[in-house]
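Hi,

Here's the structure I promised to pass on.

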Amino acid sequence: MSEMERKAQALLKIEKGCFAYKGGPQILKDINIELEAGEILAVLGPNGAGKTTLLRCMMDMLHWQSGRSLLDGEDIRSMPASKLWRRMAYVPQARSAAASYTAFQTVLLGRSSRIGAFSAPSEADMKVAERVMERLGIAHLADKPCHAISGGELQMVLIARAMAAEPEILVLDEPESNLDFKNQLIVLDTMSALAAEGVACIFNTHYPAHALQRAGKALMLTKGGESIFGDTTAVVTEDNIRRAFGVNALIGEVETPHNIMKNVVAVGVSEGRAAGNDALQTAGAEGGRKTDDVLASITVIMHSNEHAALINNAFREYNHLLIGRMGLPHRRSEKYIITVMLEGPVADIEALSHRLGLIPDISVKTTYEQEGYIHG
Amino acid sequence: MSLRRDGRLGAAWIVILIVLPFVTAIIALGIGRMSIAPGEVFDVLRAALSGGHASSELIEKTVMQLRLPRIILAMLVGAGLSVSGCAFQSLFANPLATPDTLGVASGAAFGAALGILLGFNLIGIQLTGLAMGGAAVALTWLAGSGKDRGGLSYIVLSGIMIGSLFSALISFVKFVADAESELPAITYWLMGGLDKANYRTLSLGAPVIIAGVILFMLIRWRMNLLPLSDDEAKASGVNVRLLRAVTVVAATAITASCVSMCGQVGWVGLLIPHMCRMLFGNNHLSIVPASVSFGAVFMIIVDTLARSISAAEIPVSILTAIIGAPFFIILMRRSGGWRL
């Protein structure tokens, strides 16, 4: 494969994935996803829609009936296990993790695919494990047995174990389920930070709000085997939530001093209309796409230089909207303020704004001209 | 004197685990109806190694011909049963798993009982024991595994079934055995004892046990993957099916060899690994070597008591339980137990 072709391939791709358990109904029909390095994909759906099944099929723990998963264009099914699991790592739900080693020894197990059958971890392996635990802020747990730490801590240990494999793709099965408020935030922040460093993350979640706040891409599944994949803002809509979950929900925005976060509030169980009656649709396809050109400005305050490249990439991608740009380094505090002026379709500006909002540790706000933008 | 961070044993423990079995063995060689000082035992061993003869022929014969094969057998059986118990517990992620979980011990015991019934000599009994032990595992495997049924609980369940099947067969053999001569021999044999030890039986059983123990020592870090759930194990990038198969085959071969040489010795495979887990945690880097060493030491002590506390030989299974149970309970209460 030449360098050009390799570039054209998505890092991870599912093509026409279909799956049914033996004698059961078709759970997954024609699943198609694409994921690039540094992106986060949220998989949403009601209980029984096949979220975990999807992850297991994707990782070839279950076999697709038809269709395939591709890693850099190579069929995962035909890849040797040791090769696949150096590039991809799996974080199971904390409650299903049984074995009780110390946290450090558990993290070391993440190095398995790089350690020979007759060997034990080397100094270098131990350094990696230490570094990963340090990085995730759980170095103090190292010598505690895993049955003696809290659920949130165990989830972080399992993420550390996955990261010890130094993967390009992290697959997390409901990482924030069964955790309290604070631990949910820690786990989600960790995922955002890893993505900002270039790791592609796929996570199952019960919370549409977490998808909107964290993921650039989303895949929504229904019980009937329907699915829809695309940009999170286009997939996680009030209509689709009603169709997939049978819940009337409102998507609102909460303004904080440094950004605007989307939130989803469930209002009530949706009566009458069966989930299968009308198909899932991306926001743009409904005809109500916000195509009117408006003026807007986005202001970003960077608290460090760390994610400058991510921000610049986002602006470069939406270059056609830019009509002006101003950058001000504030030398004394080493912070950096960027303001861009934009003109273009509301939907595009929203997409850029959402994308910037996913980058950790920066402040982002978007202002629209008075006339052009009506929320909703 | 503790573990290193990655679960490896510290230098002090390594020395203890290597030295302890040999010291115990040398002391045990001197104990018996004829008491021999450790120094003399040492002289005999040194003479034997250098090809010469010790000063006293009687002492030499007692040590080299009577006691040494028995103590070697005790070391092998203790180490073998402990390490395979440890492997089975991790494989099934179940603290109650023992070398008999797959029906191995019952199968081997049935084979031996059959051998006695058919009037075979010791080697013959050993061979039928080995064959039936292997047959029991094969049956368990056939009954419990298969496409899309998977899951280790099926294997455990069918192991229990096959085990009880062979127990019934043992009862049947006892039932048809001659009550005057064969029945006592079978019963006594089933209670377990190392008195049949000689270099010929050892030469048949020892290589299997030694090879199995060495294999477990070599793959001991990788054994840490055994208790993980299927998906986690698969995501480690290691061929876990192969790892599990190797573990089952090795642990089974070790157990069948032990049972075929000295009958059913209960408890060791449960007691020693649990003791090691309480001391060292669950990391196989430490509990595999510890099980091997402590298993050998425990078995030498128990067997030495069995042959020396009374004029008549006491079946070793009785002693493993009488010594083991209180010791185990004390340890459990002091350490607060352990988890798998």
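Below are my notes on the domains, sheets, helices and chain contacts.

First, the ground rules. This is a predicted model, in which local features need pLDDT of at least 70 and side-chain atom pairs count only at pLDDT 80 or more, while totals for chains, interfaces and linings use all residues. Residues are numbered from 1 along each chain as its sequence is written, and chains are lettered from A and ligands numbered from 1 in the order in which they are written.

**Domains of chain A**

Chain A splits into domain 1 (8-284) and domain 2 (290-368); bounds like these come from an automatic or database domain assignment. Between the C-alpha centres of domain 1 and domain 2 of chain A there are 27 Å. Where the two meet, 12 residues of domain 1 of chain A are in contact with 14 residues of domain 2 of chain A (contact means that the C-beta atoms of two residues, placed from the backbone, lie within 7 Å). Helix α7 (residues 181-196) of chain A gives the most to domain 1's side, with 4 residues. (Helices are DSSP runs of H or I with at least four residues, strands are runs of E with at least two, and both are numbered from the N terminus.) By class, domain 1's side of that contact has 3 nonpolar, 6 polar and 3 charged residues. For those classes, Ala, Val, Leu, Ile, Met, Phe, Trp, Tyr, Cys and Pro count as nonpolar, Asp, Glu, Lys and Arg as charged, and the others, Gly among them, as polar.

**The 6-stranded sheet in chain A**

One open sheet of chain A has 6 strands in the order β6-β7-β8-β3-β9-β10, with mixed pairing (two strands pair if DSSP finds at least two bridges between them). β6 (88-91) and β10 (227-231) of chain A are at the edges with a single partner strand each, so one side of each has no neighbour in the sheet. From one strand to the next, the twist averages 15 degrees. Within this sheet, β3 (residues 40-44) and β9 (residues 217-221) of chain A pair in the parallel sense over 4 bridges, and Val43(A) has Leu219(A) in β9(A) as its bridge partner. You'll meet α7(A) again here: this helix packs on the sheet, touching β3, β7 (169-172) and β8 (200-205) of chain A, and its direction makes about 155 degrees with that of β8(A). (Axes are lines fitted to C-alpha atoms, for helices over the stretch in contact, and angles run from 0 to 180 degrees between N-to-C directions.)

**The 4-stranded sheet in chain A**

There's also an open sheet of 4 strands in chain A, ordered β2-β1-β4-β5 and paired antiparallel. Its edges are β2 and β5 (74-75) of chain A, each with a single partner strand, so one side of each is left without a neighbour in the sheet. β1 (residues 12-20) and β2 (residues 26-35) of chain A run antiparallel and are joined by 6 bridges. Ile14(A) has Ile33(A) as its bridge partner in β2(A), and Gly17(A) stands opposite Ile31(A). These two strands form a hairpin with 5 residues between them, and Gly23(A) in the turn has a positive phi of about 75 degrees. Helix α2 (residues 51-58) of chain A lies across β1, β2 and β4 (66-71) of chain A, at about 60 degrees to β2(A).

**Over to chain B**

Helix α4 (residues 104-117) of chain B has 14 of its 14 residues buried, so the rest of the structure largely encloses this helix. (Buried means 20 or more other C-beta atoms within 10 Å of a residue's own, exposed means 12 or fewer, and partly exposed is in between, with C-beta atoms placed from the backbone.) Just after α4(B), Gly119(B) takes a positive phi of about 75 degrees. In α11(B), 11 of the 13 residues are buried, including Val268(B), His274(B) and Phe280(B).

Leu285(B) is in helix α12 (residues 284-308) of chain B and counts as buried, with 22 C-beta neighbours inside 10 Å. Leaving aside neighbours within four places in sequence, Leu285(B) is in contact with residues including Ala120(A), Asp6(B) and Trp221(B).

**Between the chains**

Finally, 29 residues of chain B are in contact with 33 residues of chain A. Helix α9 (residues 230-235) of chain B gives the most to chain B's side, with 4 residues. That side divides into 11 nonpolar, 9 polar and 9 charged residues.

Cheers
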